[in-house]
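Have the sequence and the 3D view at hand.

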Amino acid sequence: MPAILPDDHVRGAADAPLTIVQYGDYDCPHTRASTAIVRALEADLRIPVRFLFRYFPLRHLHANAEMLSEIAEAAAVLGSFWEVHERLMRHPHGITQRDVLDDLRTADIDIEALEGLLGSVSVKQRIERDVHAGAASGVHSTPTWFFNSTIWDGHYDRGTLDERVRIALATPGRT
């Protein structure tokens, strides 16, 4: 698992015994479907969890993957990453940029500022950093997770993810 960086999109305490890093694609139906399962898993655990989301847009498969990642990263620059992340995970496959921005108008987000960041070098570089770090760590599909330092890109049903957590917590030297 790549090192956790200061500008990673993180929720939860740094000293949590379980760190889950998810590489995902907002236009991937499997990434979106897994979100509710991971949120329920986090809620049911009786230990603190640190969760990180990293971009891994599958541009060759999903036409809107890059655009949706840019919207999320632009929102991060504006301090609204998690709200926009959750909204993007609820949108259907194939949603347009206009549809997303219209949805975000109902939130407390400066749409003009967000639109001004779309396509910017800094936003694109931040996404590429995640893509390169993921690829260097063995990520090739979405969703892919690291449970502490152990990669998982298989089934994401609740029972399987519970088992991945159990294994991660039982593994010495976890991060």
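Q: How many of the 10 residues of helix α3 (residues 81-90) are buried?
A: This is a predicted model, in which local features need pLDDT of at least 70, side-chain atom pairs count only at pLDDT 80 or more, and totals for chains, interfaces and linings use all residues. Residues are numbered from 1 along each chain as its sequence is written, and side-chain values use heavy atoms, leaving out hydrogens and water. Buried means under 20% relative accessible area, exposed over 50%, and partly exposed in between (1.4 Å probe, protein chains only). Helix α3 is mostly covered, and the number of its buried residues is 7.

Q: Which elements do the buried residues of α3 pack against?
A: Helices (H or I, at least four residues) and strands (E, at least two) are DSSP runs, numbered from the N terminus. The buried residues of α3 include Phe-81, Val-84 and Leu-88. Contact means heavy atoms within 4.5 Å. The partners of these buried residues are β1 (9-11), α1, β3 (49-55), α2 (65-77) and α4 (97-104).

Q: Are α2 and α4 roughly parallel or roughly antiparallel?
A: Axes are lines fitted to C-alpha atoms, for helices over the stretch in contact, and angles run from 0 to 180 degrees between N-to-C directions. The two axes come within 10 Å and cross at roughly 25°. Angles under 35 degrees count as roughly parallel, over 145 as roughly antiparallel, 65 to 115 as roughly perpendicular and the rest as oblique. Therefore α2 and α4 are roughly parallel.

Q: Which residues of α4 does α2 meet?
A: From α2, the contact uses Met-67, Leu-68 and Ile-71. Leaving aside neighbours within four places in sequence, Ile-71 also touches residues including Val-84 and Leu-114. On the α4 side, the residues met are Gln-97, Val-100 and Leu-104.

Q: How do α1 and α7 lie to each other, roughly parallel or oblique?
A: Helix α1 (residues 29-44) packs on helix α7 (residues 158-170) with axes 10 Å apart, at an angle of about 50°. Among the residues that meet are Leu-41 in α1 and Leu-161 in α7. The two helices are therefore oblique.
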